[in-house]
Amino acid sequence: MTRVTLHGLPVSSGIGIAPAFLFRSLPFQLSGDAPGRADPGNEKALIEQACANIKAELADAEEGAVAGCMTSMLTDHLFHGGVIDRIDAGMTAADAVVQTTNDLIAIYGEAADPVLRNRADYAEAVGRRLFRRLHGLPTPVFKTGSAMILVTDEMSPFEATRLHAGSVAGIVSERGGATSHFAIIAKQRGIPVVSGIQNALQAIVHGECCICDGTNGEVHASPGEAMLVSARTRLAEVIREREALAALSGPRTVTRDGRSIQLWGNIAGPADVQPVLDAGGTGVGMFRTEFIFMGDEAPSEDRQTAVYSDILRRTPGPVIMRTVEAGGDKSIPYLTVDHEENPNLGWQGLRMCLDMEAFFLTQLRAMVRASPEGELWIMFPFVSALWELRRCRELITKAHEEVEARGVRPGNYKVGIMVEVPSAALLADEYLRDFDFCSIGTNDLTQFTLAADRMNPKVARWYDSYHPAVVRLIAMTARAAHKARKPIGMAGDMASDVFFIPVLVGLGFDFLSATAPRIGAVKKTILSLDSRRAQELAGTVLTMHDTEEIRTLLKKKHEELSA
Ligand code: PEP
Ligand code: MG
C-alpha cells in the first residue's frame, strides 16, 4: 500500500480516520432479459449461497433488532418463496430478487399497521444486499464503534439514507456535488465527505487506513505516522467542540439583548427528527419530502400520510414540509426527465408538480390529512411566477375540500413559499400577499443569481453565497417579509454558516433551519450576539461590492465574537 494524497471538493466538513471500504454502485433494476434462458437449478444454488453469505454477515452486525428482521426476511415465505417461484418461472436469481423486493415494498408499504409497513424497509434492505452479492459486490455491515471510510463512485439516495456517523467515519466519492442528495444526508448526519476524486476506487486499496478531511477536501491513504497524529489531534478537537456545544442545547436561542430566534433543523425523514431535537433545535425548518419518493414508485397517499403524521408527532414545534423538489440536480428516475439541455433551468420542482396535478394533489391531501398531528407549515419550493402561486392556492383548497369530503377534519396549518429564484426575491412583497411565511433557499438562490451550477466543481469559484448580489437579494426578501408582517426564515446552507449568522440576525430573520450537526454552533453564535450590533454589521455588508471583502469582514467579526 502506497502513501497517497488525493484532492477533491470539500463537501461535508469534519475529519474521519478509518479503514477504507470500497463500494462500487450498482443500479437496483431488472436486467431487461426475457425469462426462460436461465437454468433454475443453477439460479437456486446461487441464491441459496448468497442468502447463506448474508446471514453470516448479518450475524456479525451489531444493529441487533434490524439485523434480526433482515435475517428473518431471508427465510420469509413471501420473500424467499417469492424469489424461488420466480426462478422456477425462468427468471435469473438477480431479476427474481428485484421483482420480489419491489412487489413486497408495494404490498407492505400500503399496510395500515406500522410493524407491517416496516417490513417494506427490511425487504428493500435485504433485496439490495442479495442483489449486490449475486453480482459479486459486497455491502458493508455497519457496526457502531467500528467505523469505515466509504470509498465509492456514486452513492444512491437509498444507500445514503442508511448512513450513520457512528459507523461511517467519512465518504470519498468520485461523483456528487456539495448539494447532491447523498451530500445533503451526510451533512445532516455530520459525516465528512470529499467528492470529485475521479479515480478514488483505483487509487485507494480496500482495508487500508484513510484520513477523510472534509474541511480541506483532502484524502490521505496509508498516511504516515506524523500525518496520523495530527489528524487524531484535530479529530479530538472536533469531538471536544461537539461536546461543548451539546451543553448549549437547553437554553432558548436569544441574543444577548433578548431577541429570540427560532432555531430549527433540516430533515430528510422521521429518523432525522431526534438528532435535531438533541442538538437543541425546537422544530423542523425544512423536511425535504422528495427523499421519501426515492424508491421505484411514488409512495401512496396513505403511506405519505403515515410518514408526515409520524414526523409531526415526533416534533414539539413547527414542521415545515416542503412539497417535492425533484428534477435539476435531484433526479428521481420515475418522475424526472433525463437529458434536458439545461436541467437546472428545466422542468423541475414546483413546475413538475403543477404539470402532474394528480401526483401533487396526492401529496397535498396527505399533508392536510396529517395536519391534526402537530404544527404543520406547508411550503412551496422553486416559485418563479405569480400564476404558479395562484394555482398552488387553488390546489391546496381543492386538497383540503377533498379531505373534508371524506369525513376527515383537517387541523390548522400555514402555507408559505420558498424564495430560491431571484424573481421571487425581487417580487417577494407581491408573492407573500396570500401566503403566511417565507423561507430562503440560498443553495438555489446562489446558483440562479450567479448563473453557476451548484453541482459543477468547475464553476465552484463562481458559486459563492457571500456575493453581494446574493446578500442583497436576501436583504430585499427580508424587508418584504417584514413589510408584509410575515415570518421570514432560511433553510439553505447559509443558515448553517456561523460567519453569516450575524447578518441574518441583523436583517431580522425570525427562524433559521440548520443541519443538526451545525445547530449547536449556530446557537452559540446567536447567544453571543447583540442584535443592534448585528443590524449595523448587516448594514455595512450591504454597502460592500466585493465578495472577498464581505467574507473577510464576517470572519473577523466571528473571531471577535468567539474571543
Ligand atoms: C436551497 O436551494 O437552498 C434549498 C434549501 O433547497 P435544496 O438544497 O434542497 O435545493
Ligand atoms: Mg432548492
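The buried residues of α17 are covered by a group of elements that includes β10 (284-288), α15, β14 (437-440), α18 (468-483) and β15 (488-490). Keep in mind that this is a predicted model. The buried ones are Thr442, Asn443, Asp444, Leu445, Thr446, Gln447, Phe448 and Leu450. Just past the end of α17 sits Ala451, with a positive phi of about 55°.

The axes of α17 and α18 come within 9 Å and cross at roughly 125°. That angle makes α17 oblique to α18. As for handedness, α17 passes α18 in a right-handed crossing. On the α17 side, Thr442, Leu445, Thr446, Thr449 and Leu450 do the touching, and they meet Ala469, Val470, Leu473 and Ile474 in α18. Here's a handy bit of background: an α-helix has 3.6 residues a turn, so residues three or four places apart point the same way.

Now for the metal. Which residues are the protein donors of the magnesium ion (ligand 2)? They are Glu325 (OE), Glu420 (OE) and Asp444 (OD), and they lie 2.1 to 2.5 Å from the ion. Along the chain, the donors of this magnesium ion follow the spacing E-x94-E-x23-D. Glu420 lies in the loop between β13 (413-419) and α15 (422-426), while Asp444 belongs to helix α17 (residues 442-450), so this pair ties together parts that are 24 residues apart in sequence. Both Glu420 and Asp444 are buried. What about the geometry? The six donor atoms around the magnesium ion (ligand 2) subtend angles of 61 to 167°, which makes the arrangement irregular.

Next up are two other helix pairs. The axes of helix α3 (residues 79-88) and helix α4 (residues 93-109) come within 8 Å and cross at roughly 135°. α3 and α4 are therefore oblique to each other, and α3 passes α4 in a right-handed crossing. From α3, the contact uses Phe79, Gly82, Val83, Arg86 and Ile87. The partners from α4 are Ala93, Ala96, Val97, Gln99, Thr100, Thr101, Asp103 and Leu104.

The other pair is helix α11 (residues 301-314) with helix α13 (residues 357-370), whose axes come within 8 Å and cross at roughly 40°. That makes α11 oblique to α13, and their crossing is right-handed. Glu301, Asp302, Gln304, Thr305, Tyr308, Ser309 and Leu312 make the contact from α11. Across from them, α13 supplies Thr362, Gln363, Arg365, Ala366, Met367, Arg369 and Ala370.

| Helix pair | Axes come within | Crossing angle |
|---|---|---|
| α3 and α4 | 8 Å | roughly 135° |
| α11 and α13 | 8 Å | roughly 40° |
| α17 and α18 | 9 Å | roughly 125° |

Let's finish with some single residues. Ile149 is in strand β4 (residues 148-152). Is Ile149 buried or exposed? Its relative accessibility is 0%, so Ile149 counts as buried. If you skip the neighbours within four places in sequence, Ile149 is in contact with Gly16, Ile17, Ala18, Pro19, Ala20, Phe21, Ala169, Gly170, Val172, Cys210 and Cys212. Phe437 is 288 residues from Ile149 along the chain, and their C-alpha atoms are separated by 41 Å.

Arg37 has its place in the loop between β3 (15-23) and α1 (40-59). With a relative accessible area of 72%, Arg37 is exposed. Arg37 and Ile320 are 283 residues apart in sequence, and 51 Å apart in space from C-alpha to C-alpha.

Phe382, in the loop between β12 (375-380) and α14 (386-405), has a phi near 55°, which is a positive value in a residue other than glycine. Phe382 counts as buried, at 2% relative accessibility. Arg485 has a positive phi near 55° as well, and is found in the loop between α18 and β15. Where Phe382 is buried, Arg485 counts as exposed, at 76% relative accessibility.

Terms used. Residues are numbered from 1 along each chain as its sequence is written. Chains are lettered from A and ligands numbered from 1 in the order in which they are written. This is a predicted model: local features need pLDDT of at least 70, side-chain atom pairs count only at pLDDT 80 or more; totals for chains, interfaces and linings use all residues. Side-chain values use heavy atoms; hydrogens and water are left out. Donors are N, O and S atoms within 2.8 Å of the metal (3.2 Å for Na, K and Ca); water is not among the atoms, so sites may look incomplete. Four donors count as tetrahedral if all angles lie between 85 and 135 degrees; four count as square planar and six as octahedral if opposite donors are over 155 degrees apart and all others between 65 and 115; anything else is irregular. Helices (H or I, at least four residues) and strands (E, at least two) are DSSP runs, numbered from the N terminus. Buried means under 20% relative accessible area, exposed over 50%, partly exposed in between (1.4 Å probe, protein chains only). Axes are lines fitted to C-alpha atoms, for helices over the stretch in contact, and angles run from 0 to 180 degrees between N-to-C directions. Angles under 35 degrees count as roughly parallel, over 145 as roughly antiparallel, 65 to 115 as roughly perpendicular and the rest as oblique. A crossing is left-handed if the near helix is turned anticlockwise from the far one by less than a right angle, and right-handed if clockwise. Contact means heavy atoms within 4.5 Å.
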